[in-house]
Amino acid sequence: MSFRIHNTLSGQVEEFKPLHDNQVGMYTCGPTVYDYPHIGNYRTLVFQDILRRWLKYRGYALRHVMNLTDVDDNTIRNAKAAGLGLREYTGKYIQAFEMDRQILSLEDPEIVVRATDSIDDMVKLIETLIEKGYAYASEGSIYFRVGAFKNYGQLTKIDLSGIRDGARIDSDKYDKNDARDFALWKAAKEGEPFWETALGPGRPGWHIECSVMSMKYLGETFDIHSGGVDLIFPHHENEIAQSEAATGKLFVRYWLHAEHLMVNGEKMSKSLGNFYTLRDLLARGCKPSAIRYLLASVPYRRHLNFTFDALHQADQSIARLRNFRLRVAQEVFPPGENTTLQDRARAACQSFEDAVDDDLNTAEALGAIFAMVRDANTAMDRGEFRDGDRAAFLNTLDRWDRIFCVLEDNDHEKLVKFGFIKPRDSTLADRVPAPPADLAQPAMGNGHTGAATIELLSDEVIERWVAERNEVRRKGNFARADEIRQHLQKAGVILEDSKLGTRWKRK
Ligand SMILES: [Zn+2]
């Protein structure tokens, strides 16, 4: 089956076919870098990461462009308050954003551009719009004349003709002829940064940035443009108007939008006390892999309800998958092959691929993998699994993980690398140390205790403890073996001894 995706422009799920052979041009609206993004922003970014990984999985050559909005009212206001230049101030949040992306295993777009590095191109596009009669100047600013673009509203699909003066739909506080008109260029204001250009001193509006940077790197017509649903209007509607008015060509072929993230069933907001940035969650001891898994687990067009219980369940699901992979790789099985079981692994791979092809149905893709894990575990427990069956299962897991990216146990490593926790000496001392203080979990608010049980011992560290325990048991030091068991238990790791050896799992 081919890849099918929901296009906001047509309102339908369509077969995806790039404009040029197997080359895909994709643009995603990046953050305004005046603060740390919240987890709702990361829901959209994880969806876009799944999308880019899937396009590559399906053999497309991808050129993905993302902008960084480093000039607007918020960046100007905050930079001023911090006593920093705009570039210096936004640089700090660009760096934090890069760090967050690595923590969540988000691949880098092929091209990431700061808006302020494309001012000249924005001026040129605005000049074209003035020449063609789609833009006008008023008191030093320049506005797009919405009434002149007859297809306005094609993405939003609502009748905007009723919006008149007084019913302001854009927050720009400048003079314009029609309430629907929006600023392309904003006149310089006292004490604010500005660029001296052919349009006069000023700075670009937000919408023009994305039209310019997308077409600059992807051409006048390109394949995919994506963002959160809150960007459909006015941002993306305005991007279409500016771009198509200037070029006379179709701007974007597929518009993809991710739904909102809710927290405990409510809209996330600072006043409700349910507003989280990624670093708020990490400071509470939540694991990067669990956050990524949770954000990826709900298909992008459905509301995602974020709770700490769901995060805890995500962590347990990841532990189940990692332990399964370990069992397949390490347990001793009788020689030979069980082709029925291998067919089961291949069928699961097919189901996973079919699900992702179906408008990125990540929930079904997860379901396919867990059904396989359950069947394979049952076969192992019954002694039906054979030595020659490992590869088929490992292959399915690895293919699945090219998209979901949670099987490698690198949470601890990432948190240490970016300074969220201190490095621990994991060498095995004679005495079993107490769990390190940096793993102490603060209590959860809102009655949620889920994350409090989430631990950060890596697979590697756990396995070294298990090996150490096997060694002391062999020497008859059962008291110390018990100590190690209890220590691991405190860290959320359960040991199961059997005649095949010791298996461990996370609580
Ligand atoms: Zn944009």
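Which residue in β4 does Thr28 stand opposite? Thr28 stands opposite Met66 in β4.

## Basis of the report

This is a predicted model, in which local features need pLDDT of at least 70 and side-chain atom pairs count only at pLDDT 80 or more, while totals for chains, interfaces and linings use all residues. Residues are numbered from 1 along each chain as its sequence is written, and side-chain values use heavy atoms, with hydrogens and water left out.

## Strand β4 and its partners

Helices (H or I, at least four residues) and strands (E, at least two) are DSSP runs, numbered from the N terminus. Two strands pair if DSSP finds at least two bridges between them. Strand β3 (residues 23-28) and β4 run parallel and are joined by 6 bridges. From β3 the chain crosses through α1 to β4, and this β-α-β crossover is right-handed; that is, with the strands pointing away from the viewer, the path from the first strand over the helix to the second runs clockwise.

Strand β4 (residues 61-68) also runs parallel to β5, with 4 bridges joining the two. Here Leu68 stands opposite Arg114 in β5. Strand β4 is mostly covered, 6 of its 8 residues being buried. Buried means under 20% relative accessible area, exposed over 50%, and partly exposed in between (1.4 Å probe, protein chains only).

The structure holds 35 salt bridges, each defined as a side-chain nitrogen of Lys or Arg within 4 Å of a carboxyl oxygen of Asp or Glu. One of them joins the side chains of Arg52 and Glu107, at 2.9 Å from N to O. This pair links distant parts of the chain, 55 residues apart: Arg52 belongs to helix α1 (residues 39-57), and Glu107 to the loop between α3 (86-103) and β5 (111-114).

Arg52 counts as buried because its relative accessibility is 2%. Glu107, at 23% relative accessibility, counts as partly exposed. Both residues are part of a network of salt bridges that links Asp49, Arg52, Arg53, Lys56, Glu107, Glu110 and Arg292.

## The loop between α10 and α11

Asp359 and Arg301 form a salt bridge in which the closest N and O atoms are 3.0 Å apart. Asp359 lies in the loop between α10 (339-357) and α11 (362-381), and Arg301 in the loop between α8 (288-297) and β15 (304-306), so the pair ties together parts that are 58 residues apart in sequence. Asp359 is buried, with a relative accessible area of 8%, whereas Arg301 is partly exposed at 39%.

Leu360 lies in the loop between α10 and α11 and is buried, with a relative accessible area of 2%. From C-alpha to C-alpha, Leu360 and Arg301 are 9.3 Å apart in space, although 59 residues separate their positions in sequence. Beyond its neighbours within four places in sequence, Leu360 is in contact (heavy atoms within 4.5 Å) with Phe3, Ile5, Phe47, Ile50, Leu51, Trp54, Pro299, Tyr300 and Ala355.

## The Asp497 and Arg473 pair

A further salt bridge connects Asp497 with Arg473, the closest N and O atoms being 3.4 Å apart. The two residues link distant parts of the chain, 24 residues apart, with Asp497 in strand β16 (residues 493-498) and Arg473 in helix α14 (residues 459-474). Asp497 is partly exposed, with a relative accessible area of 35%, and Arg473 is partly exposed at 29%.
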